[in-house]
Amino acid sequence: MSTLTQGSRIFLPLQSMSECHACGSTKNLRICSGCGERTYCSRECQFNQWKEHKPFCKTNRIGVATIYPIFAFMVDQVHFSALATDAAHPGLKHKILSDEPETSLPDGTIGRLIRLGPPFSVLAPGAEPSPDRLQAWHPTGNDMSSRFLLMDFFMRHGPVAPSVLSVCLAILETIYTTATVPSSSSSVPSSIRTRLRYRSSPVVDFGICSGSVTPEPSTLSKPLPVIYQYEDGTILPGPDRENHLWIYFDTLNGERILLDSNLFSMGQMDSVDTGPYHVEPYSRPIPAVFFDRSERRRGVLVHQERKSFSILRNLDLHQITWPSNSTGDIQSLRAVASLLDTIKAPSHASETDRDLCLQSTVAHVKCMQEVIQSNRWKSFPVKPEVFINMPVPPGPAGEAVREQINQVRGGRKDSKKAQRGKKRK
Ligand SMILES: [Zn+2]
Ligand SMILES: [Zn+2]
């Protein structure tokens, strides 16, 4: 049964199909396709209850497969917010002496070694770096495109825990809060409920998984481990594949869907086209890997889950409200701090992690509210355009890549037109 926990604003979706809402039968259960919140054993039972259920049935059921580029965009925003903090990667603040893709690392393994030189800030405040600045930052780079790629790589090597947690908190706050309680018969709801689904099955839980990501053995281009080395020989570890975090969505029919937008700095550069989502100034794809268990793992990294932490069904979070104009009250601050420590265990969250998470949650809530209230999500492609290993650098150096993407877009449109043309004939 759908429930609104005592004193909470969070309205939990159906957790399981236990019985028919009309007669109590436990057999042949099907879900009401209008809301995804009621189960019936037969058309007859659904029909008998319809008059009572109708006012509560109308629900915006947003497909996770449709809206995930917005979630990925929000993760990326956290990385970009981190650039102004001490969490910004040192690679952005030092000259690059060399970038050796396959070299013998100090521990004896083969990997990518990036040597950091004297201090140099590649990111010009408030602007894209000029080609001259990039050249000065990374003089040994092959070309402008590879310099941008390395800069992107450092920019996306941002704090993982605040990025996944803030996105989950924003989903909780904007999708699972509602004044519309279908089980109450006293009043007709004034607003349409919003819920997530995957295909036709309602999302019954979501949260964060912790575990490792390992190279897929059958993949030819396995991403190599990365380390950084300062001039004095000090080693800085690369992205931590052993202790990684990603977002999961569980559906009523038992599927676990994964969304990981933090793999870019580990060498998996799948990204989604941002064109249809109006998330300017983004003119380039955003890193995101999204799949269910039935999908072929086309990725070069495989997720191995150790633990999962529900955000939707964590009752401690149900009391928190996210202010729209400040960085959070004491209650949300404490909740965020303890959650970050939990998902990061055995390591601890830094003060920067907490600040980033709080500030980002507030920003994401605004972004999500706009997408939902404007009904903009209804015009999103059912399935986003996905690019494999096609990062697009901004500015002049990205022109060639952007042109390539436009050709892909144009080409696909043309082929669709051609297909429609054929059908008409
Ligand atoms: Zn029934
Ligand atoms: Zn319904």
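Q: So axes are lines fitted to C-alpha atoms, for helices over the stretch in contact, and angles run from 0 to 180 degrees between N-to-C directions. At what angle do H6 and H7 cross, then?
A: Roughly 120 degrees, and the axes of H6 (residues 330-344) and H7 come within 10 Å. That makes H6 oblique to H7 (under 35 degrees is roughly parallel, over 145 roughly antiparallel, 65 to 115 roughly perpendicular, and the rest oblique).

Q: Is this model experimental or predicted?
A: Predicted: local features need pLDDT of at least 70, side-chain atom pairs count only at pLDDT 80 or more, and totals for chains, interfaces and linings use all residues. Residues are numbered from 1 along each chain as its sequence is written, while chains are lettered from A and ligands numbered from 1 in the order in which they are written.

Q: Which residues of H6 and H7 meet?
A: From H6 you get Ser332, Leu333, Val336, Ala337 and Leu340, and from H7 they meet Asp353, Arg354, Cys357 and Leu358 (contact means C-beta atoms, placed from the backbone, within 7 Å).

Q: Which other helix packs on H7 at about 40 degrees?
A: That's H5, residues 160-175, with its axis 8 Å from that of H7, which spans residues 351-373. So H5 and H7 are oblique to each other as well. On the H5 side the contact uses Ala161, Pro162, Leu165, Ser166, Val167, Leu169, Ala170, Glu173 and Thr174. On the H7 side it uses Asp353, Leu356, Cys357, Ser360, Thr361, His364, Val365, Met368, Gln369 and Ile372.

Q: And how do H2 and H5 cross?
A: H2 (residues 64-82) and H5 cross at roughly 135 degrees, and their axes come within 9 Å. H2 is therefore oblique to H5. Here Phe71, Met74, Val75, Val78 and His79 of H2 touch Pro162, Ser163, Ser166, Val167 and Ala170 of H5.

Q: OK, zooming out. How many helices and strands does the protein have?
A: Eight helices and 18 strands (DSSP runs numbered from the N terminus: helices are H or I with at least four residues, strands are E with at least two).

Q: What share of the residues is buried?
A: 40% of the 425 residues (buried is 20 or more other C-beta atoms within 10 Å of the residue's own, exposed is 12 or fewer, partly exposed is in between, with C-beta atoms placed from the backbone). Also, among contacts between residues at least 6 apart in sequence, 72% join residues at least 24 apart.

Q: Where does Asn375 sit?
A: In the loop between H7 and strand E18 (386-387). Asn375 has 10 other C-beta atoms within 10 Å, so this residue is exposed. Asn375 is 315 residues from Asn60 in sequence, yet their C-alpha atoms are 9.3 Å apart.

Q: Is Ile388 buried or exposed, and why?
A: Exposed, because Ile388 has 11 C-beta neighbours inside 10 Å. You'll find Ile388 in the loop between E18 and helix H8 (399-424).

Q: What feature does UniProt place at residues 20-57?
A: An unreviewed UniProt entry puts "domain: MYND-type" there (positions use the numbering here, feature names are shortened, and annotations may be inferred rather than shown by experiment). In the model, residues 20-57 are 39% helix and 11% strand, and the end C-alpha atoms lie 16 Å apart.

Note on methods. Contact = placed C-beta atoms within 7 Å.
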